[in-house]
Amino acid sequence: MNRKYDKRRSLGRRVSIIGLLLSTPMVTADIVRFEGACVSFGRDSGCDGCEKGCVSDSSGAIECEAGLALQPHEEGWVIMDEIPIGLAYRAACSASVTIFVEVINPDDAGSLSAYVSYGCDRVHWSDWQPPDASKRYTGDPPPPLFCSDITVKRKDAEYFKAQLEKLGEPEEGKARGTDGLFRWIAKRQPDLFERVIPAVGYIRIKIVNPSDKLITLSRVNALISSYVSGMHRLGEPFDTDTRWNFDLRAATSQPTSQPATMPAAGNERSSGTANESEEN
C-alpha cells in the first residue's frame, strides 16, 4: 500500500475575490475556494484525477484486487493522507466537507461511517468530528457518507490572537501572509501550536466499518469548499495559486532559543478515536 504522495490533483477549483474599498489603502478580501480529492483502492479502481491508496494509517484493512477490505465491528478503519485546504497567503478559518464512498456492494455504502479532523501544521490535530445530522444534502443520489462544516474554535482564535499580541507581530510577518506569520511564530514560540489550532490548513478523513460484515472500499471522494476573510494592503501581491503547505517540523528544524511556557487554552487533542468536537 502506498503510504505517501506529494501531489493531489484538484477535481475542481474556483477562487472568488471580493474587494471592499475603505478610506485607507486597504481592502477586505473574501476568498471562497472549491476543490476536491479522490482516493481509489484496488487494481482496477483508478480513475482520471484519483490518487491510488493514499493512506497514512489503518487497522483491520486488507488490500486486495477489488479494493480495501475493512474488518467488521469497528476493527477495520483507514485514515487518508491529509488534504491541504486554502491558500498559503491566507489560511482558511472554516471549510464545508462532503464525503462520498464507493464500495464493491453498493448496498453496503451506508453501513460505513466517516469522520473528519483538521489541523494547520501537520503535527497537531483536532478530535475526530462526526457528520452533522442536521445538515441536509440536496444533490443527486446516492447521498454522501459525511456532510458537515469544520470551523476553528472561537476560544482557539481568541487565545491565538492574544498570544500574538504578546509576541509583537512584525510588519514583515503580515507582508508574507499567514504562512510567513506561522513560520515566524514557529521560530519563536513553537509550543503555541500545541495549545491551539488557529486555522483549517489540512483535513484528515477516517472511514470506519462499524457493521457486522466485511466491506470492501474502492473509492473515497471528498468535495471541499473553504472560506477566508482578511485585510489586504492595496498594491501588495495576493497569491491565489499556492496552496497551504505549512509544516511545523520543517519550520522548527533549525536550532532556536528555548520557548517560554504559556498557560494551556483548555483544548484537548485527537486521541485517534471518533469523538464529537467541542462547541465553538
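Serine 96 lies in strand S9, which covers residues 94–103. Strands (E, at least two residues) and helices (H or I, at least four) are DSSP runs, numbered from the N terminus. The model is predicted, so local features need pLDDT of at least 70, side-chain atom pairs count only at pLDDT 80 or more, and totals for chains, interfaces and linings use all residues. Residues are numbered from 1 along each chain as its sequence is written, and side-chain values use heavy atoms, with hydrogens and water left out.

Stay with serine 96 for a moment. Is serine 96 buried or exposed? Its relative accessibility is 19%, so serine 96 counts as buried. Buried means under 20% relative accessible area, exposed means over 50%, and partly exposed lies in between (1.4 Å probe, protein chains only). The side chain of serine 96 makes a polar contact with the side chain of aspartate 149, at 3.2 Å. A polar contact is a pair of N or O atoms within 3.5 Å; within protein, one must be able to donate a hydrogen and the other to accept it, and residues adjacent in sequence count only if both atoms are side-chain atoms. Set aside the neighbours within four places in sequence, and serine 96 is in contact with Lys135, Ser148, Asp149, Leu223, Ile224 and Ser225. Contact means heavy atoms within 4.5 Å.

Now step back to the whole chain. The protein chain has 5 helices and 13 strands. Of its 280 residues, 49% count as buried. Take the contacts between residues at least 6 apart in sequence: 78% of them join residues at least 24 apart.

Strand S10 comes next. Which strand runs antiparallel to S10? S12, residues 202–209, does, and 7 bridges join the two. Two strands pair if DSSP finds at least two bridges between them.

Two loop residues have a positive phi. Glutamate 74 is not a glycine, yet its phi is near 65°. Glutamate 74 is in the loop between strand S6 (68–70) and strand S7 (76–80). At 52% relative accessibility, glutamate 74 counts as exposed. Arginine 122 also has a positive phi, about 65°, although it is not a glycine. Arginine 122 lies in the loop between S10 and strand S11 (146–151). Its relative accessible area is 29%, so arginine 122 is partly exposed.

Turn to the helices. Glutamine 163 is found in helix H1, residues 154–167. Glutamine 163 is buried, with a relative accessible area of 7%. Glutamine 163 and glutamine 189 are 26 residues apart in sequence, and their C-alpha atoms are 9.5 Å apart in space.

Helix H3 has 12 residues. From first C-alpha to last, H3 reaches 17 Å, close to the 16 Å expected at 1.5 Å a residue. The expected span is 1.5 Å times one less than the number of residues. How much of H3 is buried? 9 of its 12 residues are, so H3 is largely enclosed by the rest of the structure. Among them are Leu181, Phe182, Trp184 and Ile185.

Rings of Phe, Tyr and Trp (its six-membered ring) pair if their centres lie within 6.5 Å; planes under 30 degrees apart count as stacked, over 60 as edge-to-face and the rest as tilted. By this rule there are 6 aromatic pairs. Phenylalanine 182 and phenylalanine 246 form an edge-to-face pair, 5.6 Å centre to centre with 75° between the planes. Phenylalanine 182 lies in H3 (residues 177–188) and phenylalanine 246 in the loop between strand S13 (215–233) and helix H5 (248–251), so the pair ties together parts 64 residues apart in sequence. Phenylalanine 182 is buried at 2% relative accessible area, and phenylalanine 246 is buried at 0%.

Phenylalanine 246 also pairs with phenylalanine 193; this pair is tilted, with 5.5 Å between centres and 40° between planes. Phenylalanine 193 is in helix H4 (residues 192–195), and the pair links parts of the chain 53 residues apart. Phenylalanine 193 counts as buried at 1% relative accessibility. Ring pairs link Phe160, Phe182, Phe193, Trp244 and Phe246 into a cluster.
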